[in-house]
Amino acid sequence: DQIVMTEADDGSVTVTMTDTYALTVSFRPDRDEPSVNLGFDVILPDLEIAVSGETGARLYEYTAPRVSIEGVGISGGEGPLPSIDLTIAMEDLAATYRVNGTDPTDMAYDSSTSMAGMIGALDVRPPPGEDGQLKVNFALGAIETEGSGRLGNLVAVGANPDIVPEGFDISGDLAYDALGYEVTFRDRQDAFFLSYRNAGGRIAATFAETEIDYALSATDTAARMTGTELPVPIEVSVGSTEVAIRVPLAASPEPQALSARLAYQDVEMAEDIWGLLDPGQSFPRDPISVVLDLSGSAMVMANLLAMTPETMAAPPGELRDMTLNELRLSAGGATLSAEGSARFAPGPIPMPVGRVDLQLSGGNALLDRVQASGLVPIEQLAMVRGMLGAFARPGATPDTLESTIEFTEGGGITANGVPLQ
């Protein structure tokens, strides 16, 4: 209802506004149906914005002890509507946003945000006479974010929103202390419950006209799921989780770096799940770990963001080299590890030249346990043992096997010097 701007002696401006303003979000469930309107109150008690800097390059500083969003109703549409209650609250918000628009064809910004925490709750109930209810609750610990980038020519984007502007390059990094949420659904026949928590994590991303770089990690996660259709509760915990990928997007006369990492370490399952998979307790309940880390380079011959299926007459890129920095799979008391590298000659079909060194520890003991469990026919286990004997050699310690897989010029493959192809 009211915005007040007060100029200070140094030329900076303090902005305050009415504590509450109304926000309406409208959408059409279907093209021929009337709009559905969701109403919210954004509540900003004691929010203060300080604006300083120079013409075209301003710094905005925000502080607020609490910012909340509350759902106030749903209207419109056809027929009866569900009822929706929503609350989201952020505590001790402090943020800065610096925007440089001195050159309208090359907008740039940087920002930072911190808050003591965030909580939220959603409750969806069906129209009168219908069955079911959905509840979602979440809580985030202390949050720190950083972001910066170049937005390019926003006028050109407005004229053609399908393009990525020249020079576009944004990146952000968000770290949080802890995350937890619960999802509950119930009706007359079914019930479902999901809970998740972790002890903190990080999300970092870069999106530019030349590359996409994304990384996600979390520690000490635990999830539990129950439901009418599930025979037992599903409970899983993970010591650490990492997912990362980097992909070049723009054509270049030189090879460009790419990478990928996937790591789930110290995965543990509840005994109820183990009881279904291994009722005879033949396998040790050791934590399971899966790690895959790759890096390499590729030639990109076309702008991937501008390509369409109609214009893709040839592969847009070719792999030049790849390094297996780490491969580790641990389960049932056995561990498979590997590392290696290979290069690829130019051409539509990548033919590797290089080697991969593998080591398996505890493999024979695991096969003995599988045989004792009776889950796998003995004939199939005999075939696995024979393949291990043919392609691996004994290691330096008991119950270890090693193998070196080499890829040679012309498409040849050997295992410990024995030709396979």
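**Helix pair and pockets**

Asn364, Leu367, Asp368, Val370 and Gln371 of helix α3 are in contact (heavy atoms within 4.5 Å) with Ile378, Leu381, Val384, Arg385 and Leu388 of helix α4. This is a predicted model, in which local features need pLDDT of at least 70 and side-chain atom pairs count only at pLDDT 80 or more, while totals for chains, interfaces and linings use all residues. Residues are numbered from 1 along each chain as its sequence is written, and side-chain values use heavy atoms, with hydrogens and water left out.

**Helices α3 and α4**

- The axes (lines fitted to C-alpha atoms over the stretch in contact, with angles from 0 to 180 degrees between N-to-C directions) of α3 (residues 363–373) and α4 (residues 378–391) come within 10 Å and cross at roughly 170°.
- α3 is therefore roughly antiparallel to α4 (angles over 145 degrees).

**Second largest pocket**

- The second largest pocket has a volume of about 200 Å³.
- Of its 15 lining residues, Gly11, Val13, Val51, Ser52 and Arg58 lie nearest the centre.
- β5 (48–54) gives the most to this lining, with five residues.

How values were computed: Helices (H or I, at least four residues) and strands (E, at least two) are DSSP runs, numbered from the N terminus. Angles under 35 degrees count as roughly parallel, over 145 as roughly antiparallel, 65 to 115 as roughly perpendicular and the rest as oblique. On a 1 Å grid over the protein atoms alone, a cavity is a set of points where a 1.4 Å probe fits but cannot get out, and a pocket is an open set with protein on both sides within 12 Å along at least five of seven lines; lining residues have an atom within 4 Å of a point. Grid points are joined across faces, edges and corners, and a volume is the space filled by probe spheres set on the points.
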